[in-house]
Amino acid sequence: MASHDPMARLKTFVVPTDGSPASMEAVAVACTLAKRNKGKVFVVHVIEVRRSLPLDADLSQEAARGEEILAQAEKVAEGQDFEVEGELLQAREAGHAVVDEAAERRADVLLVGMEAEGTFGGFQFGRLPQYALKNAPCRVWLWRSAAEGMS
Amino acid sequence: MRVIIMGCGRRGAALATMLDGEGHDVTVIDVDAAAFSFLPDSFAGTEIVGSGTDEDSLRRAGIEQADAFVSTTRGDNRNVMAAQMAKHIFNVARVITLVHDPIREEMYRSLGFRTVSPTRIIAESLREAILADDGGEATGAAAEAQTGSEG
Amino acid sequence: MYIIIVGGGKIGYFLARQLLEDQHEVLIVEQAADKAAQIAEDLGEIVMVGDGCEASTMERAGMARADMAIALTGDDADNLVVCQVAKHKFSVPFTIAMINNPKNERIFKMLGINATISSTSVILAHIEQELPSHPLIPLLTLKGGGLEIVELKIPPESQVVGKPIKQVLLPQKSLITLIIGADGQVRLPTSDTVIQVGDEVVAVTMLDSEESLRSALIGAPSVRAF
């Protein structure tokens, strides 16, 4: 019975992305649900500005890369016949910016994609998911992609 | 020469012993009286318990008549503070200070201080040892290891 | 302004909080990760974990673009070095250091640290005020010009009791700016204002005229408390 579907009221999704495959999977998952529930997906890419620069510094290289990543996310959404809204942010710490964004958008879910294996092998629990789990006002879902070797 | 040495750890004590042996008038100042145990029984100089960054202690150590002041503690900041007091307040003619951090060493050198960086010296020694000519004599552990494997 | 505070103790915390309220950009550099986490929880991403004395840490902290560096660690030598590295390596225009040992004020000033704060000195000044020997309490040293603001309580035995200011022989470049009566009333004095017993006289004077000013207002030389 549709009224008992726990996912039904999940309409607004915020998905941070750093361009990694896992985060793109998260985008796809968010799109599936949002589409079904006639909701919205906000894809967020945060440029972390180091302290030696002012927060509003002009970082054209990073901005260009960010736009590329958001374009990639848009393509993923297209593949599901859905549209996402991309956000390029500059902040000292990505976790803070993403949680703030989720609060502002009154997100129902903050969906964080994580790789099963880090660069040096083995799982790495990054700063962003840690901060999000601790501080996000909304639901937080971790989408850890399948480990290598699993289909 | 009347020399005041701040810090009676291994380095300070070694220096004190050397200078004392050469007939100089040596005073060692350290916050911890137990540190003086690093000095040999034959040490003919003066031992003062006190802080090299305290004006009164420095006076007790005879800084007003000193020809040279050397700060040898493990703490870069204490060393440079004492050196600056020796130079600017007491106008000691020769002031030498140990600064471990290469960046701070460079800075204080550019401010007109005679600095010695143990870090730099050790790194250079090790580097020379590593790059030593193969045709030359292998010393110590390396030589022993070689003979061992051929034996 | 971009202000970097080295040392995340209570003073640093409250200072940062106030500066943030005043819309400045603030960064606290704190060595202990747990303290840093605590601060971050309350004030947000304005903390960095690291040794503020290390030039590399300062670099990461953006010291090169800081308008002010404030050293609040518990160690005078560390505070001195923080300010010196900020000044000489990163050209920070204004440095402030906390000093625990009041006697270190001299070397800090000699080395160009713009402002030094010694709570020990402040407390001592308050204690001195209560002592019968009546030394002159320095309140504030003014930038440039070698001037300072001092405060002095007029004892009963003072030779200027009952005299108008115009009859008091003050040293050069000294000016009585305010008189706080024993009743707590604040007067802006004119040359006709009469000095009474128990008046707290606030004056501007040259740093090396302290003793002359004291003699002019009290008479007998005092034994300084320290």
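Two residues are in contact if their C-beta atoms, placed from the backbone, lie within 7 Å. Helices (H or I, at least four residues) and strands (E, at least two) are DSSP runs, numbered from the N terminus.

This is a predicted model, in which local features need pLDDT of at least 70, side-chain atom pairs count only at pLDDT 80 or more, and totals for chains, interfaces and linings use all residues. Residues are numbered from 1 along each chain as its sequence is written, while chains are lettered from A and ligands numbered from 1 in the order in which they are written.

**Exercise 1. State which residues of helix α3 of chain A are buried, and what covers them.**

Step 1. A residue is buried if 20 or more other C-beta atoms lie within 10 Å of its own, exposed if 12 or fewer, and partly exposed in between, with C-beta atoms placed from the backbone.
Step 2. In α3(A), residues 94-104, the buried residues are A:Ala94, A:Gly95, A:Ala97, A:Val98, A:Val99 and A:Ala102.
Step 3. Their cover includes the strands β1 (12-16), β2 (40-48), β3 (85-91) and β4 of chain A, together with helix α4 of that chain.
Step 4. Just after α3(A), A:Arg106 has a positive phi of about 50°.

**Exercise 2. Locate A:Glu115 and explain why it is classed as partly exposed.**

Step 1. A:Glu115 lies in the loop between β4 (109-114) and α4 (127-135) of chain A.
Step 2. Because 19 other C-beta atoms lie within 10 Å, A:Glu115 is partly exposed.
Step 3. Leaving aside residues up to four places away in sequence, A:Glu115 touches A:Ser20, A:Ala22 and A:Ser145.
Step 4. A:Glu115 and A:Ala147 are 32 residues apart in sequence, and 8.1 Å separate them in space, C-alpha to C-alpha.

**Exercise 3. Describe how α1 and α2 of chain A pack.**

Step 1. Axes are lines fitted to C-alpha atoms, for helices over the stretch in contact, and angles run from 0 to 180 degrees between N-to-C directions.
Step 2. Helix α1(A) (residues 21-37) and helix α2(A) (residues 60-78) pack at about 40°, with axes 9 Å apart.
Step 3. Angles under 35 degrees count as roughly parallel, over 145 as roughly antiparallel, 65 to 115 as roughly perpendicular and the rest as oblique; α1(A) and α2(A) are therefore oblique to each other.
Step 4. From α1(A), the contact is made by A:Met24, A:Val27, A:Ala28 and A:Cys31, and from α2(A) by A:Gln72, A:Ala73, A:Val76 and A:Ala77.
Step 5. Ala, Val, Leu, Ile, Met, Phe, Trp, Tyr, Cys and Pro count as nonpolar, Asp, Glu, Lys and Arg as charged, and the others, Gly among them, as polar. The residues of this contact are thus seven nonpolar, one polar and no charged.

**Exercise 4. Give the strand order of the six-stranded sheet of chain B and identify its edges.**

Step 1. Two strands pair if DSSP finds at least two bridges between them.
Step 2. The open sheet has the order β3-β2-β1-β4-β5-β6, with parallel pairing.
Step 3. β3 (46-49) and β6 (114-116) of chain B are at the edges, since each has a single partner strand, so one side of each lacks a neighbour in the sheet.
Step 4. Five bridges join β1 (residues 2-6) to β2 (residues 25-30) of chain B, and B:Ile4 stands opposite B:Thr27 in β2(B).

**Exercise 5. Characterise the side of chain C that touches chain B.**

Step 1. 17 residues of chain C are in contact with 15 residues of chain B.
Step 2. α4(C) gives the most to this side of chain C, with seven residues.
Step 3. By class, this side of chain C has nine nonpolar, two polar and six charged residues.
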